[in-house]
Amino acid sequence: MKSVFLFGAALALAACGAQQPGHLTAGNWQGHLLREDGGDIVFNFEVQDSAGKKTIHILNAGERLLVDDVRQEGDSVFIRMPFYDSEFRTALQPDGSLEGRWIRHLADKDVSIAFKGLPGIAERFPAKNPPKFNITGRWPTHFTAPGKADSTFAIGEFVQEGSAVKGTFLTTTGDYRYLQGVVDGDTLKISTFDGSFAYVFTARIENDSTLGNGVFLQGITNRLAFTARKDSSARLQDATTISTVREANATLDFSFPDLNGKPVSIKDERFKNKAVVIQISGSWCPNCMDETRYLSEWYKQNKDRGAEIVMLSYERTTDFEKSKKALESFTKRFDIAYPILITGVTPADPQKTEKTLPQITAIKGFPTTIYLDRQGRVRKVHTGFNGPGTGEHYEEYKHEFNALMDELLKES
């Protein structure tokens with residue numbers, strides 16, 4: 001009996017000593033997307049544990065982006081982002097960190113990048129040296145691809161407090177959403193990650209008004225150089241002149257299936273004698289997400305005044321079922337109560353305007369918003385969207401949107 005007891009005890013000790021899978025630690029984390037060229041896109045997230053269910057918030061400046069599809073199987077942790085058809089497939093390491101890959105499911109292929117998550121780290125970038133400059137202000141910026149002479153233009157807007165920096169870049173087609181980082185001595189480091197945008201910007205602050213040696217790492221492989229000079233008077237092209245109607249007082253004529261496959265036409269009874277907002281959008285588009293969040297709430301509060309909204313979605317695939325799947329999660333997250341129509345045309349299609357809205361000039365950005373009066377006439381076409389990450393520009397957008405809609409709704 002004694003030998004049997006010792007053998008059983010030995011088995012119990014062996015079982016206790018066996019390596020058991022750990023658990024995803026609640027609290028602050030620092031994430032790293034590790035590019036093959038040595039670039040490191042850093043962001044922050046927070047893990048929470050409620051009633052045994054893990055949720056994550058991706059943290060970018062003032063934004064807390066909820067990720068509620070988090071699953072652990074043994075030491076494997078799967079995190080599916082709520083939009084943009086991307087996910088993390090990772091494994092817990094003995095030290096409690098995560099290692100794996102961030103995967104983007106594109107229309108025709110998957111692309112991925114190495115990922116590492118470090119628990120217990122709340123900072124994004126260390127500021128090892130006191131800042132030599134304060135970059136608060138407006139910065140016209142030129143981005144240039146390697147070997148290219150042409151550049152693209154944006155305006156950086158930053159607010160710096162001590163070493164901490166928040167801000168964004170404004171473009172004619174939208175903004176780069178919430179950027180967060182530091183000024184470390186004479187070096188600027190800012191980044192963002194939301195499941196689609198994965199950006200890091202670094203530059204040397206040469207003086208109070210010049211950024212030089214700028215490097216913009218965009219996603220898995222893209223790299224641009226940039227320079228910037230502070231100028232409070234810098235302006236972008238008027239967003240109402242980028243796309244316009246081909247003829248004054250034009251009316252639209254389109255019909256596309258909704259998510260149930262039912263054809264919906266702008267000529268339908270529900271749109272007659274209504275002030276209508278038409279979103280040119282897509283579930284892959286972060287600025288479209290910001291616009292939809294605002295419009296969904298606005299619609300609930302104003303639909304009884306005679307307002308309608310309809311989204312025309314240009315997905316990255318022409319496959320209806322794949323497009324429907326992407327848009328269903330989009331609809332659920334923002335509780336969208338107005339029609340979402342699948343155009344069956346991709347944003348990359350050079351004929352997308354002619355195939356869907358031939359009454360307007362070329363669609364040059366997502367989102368683009370078209371405003372119709374009660375007679376169905378196009379009163380305004382606005383390219384791009386300044387979201388909540390742009391501060392005062394977002395407030396200006398809301399003011400102008402409500403002023404225009406009030407005007408259209410008062411008309412007979």
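The secondary structure of the protein comes to 5 helices and 25 strands, where helices (H or I, at least four residues) and strands (E, at least two) are DSSP runs numbered from the N terminus. Before going further, please note that this is a predicted model, in which local features need pLDDT of at least 70 and side-chain atom pairs count only at pLDDT 80 or more, while totals for chains, interfaces and linings use all residues. Residues are numbered from 1 along each chain as its sequence is written, and side-chain values use heavy atoms, with hydrogens and water left out.

How far does the C-alpha trace of the protein span along its principal axes? The answer is about 95 × 60 × 40 Å. Of the 412 residues in the protein, 49% are buried, meaning under 20% relative accessible area with a 1.4 Å probe, protein chains only. Now look at contacts, which are heavy atoms within 4.5 Å. Among those between residues at least 6 apart in sequence, 56% join residues at least 24 apart.

Finally, let's zoom in on a pair of cysteines. Cys285 and Cys288 form a disulfide, with their sulfur atoms 2.4 Å apart; the term stands for a pair of cysteine sulfur atoms within 2.5 Å. By this rule the protein has a count of 1 disulfide. Cys285 and Cys288 are both buried. Why is this disulfide right-handed? It is right-handed because the torsion about the S-S bond of Cys285 and Cys288 is about 80 degrees.

Terms used
Buried < 20%, exposed > 50% of the residue type's maximum accessible area, 1.4 Å probe, protein only.
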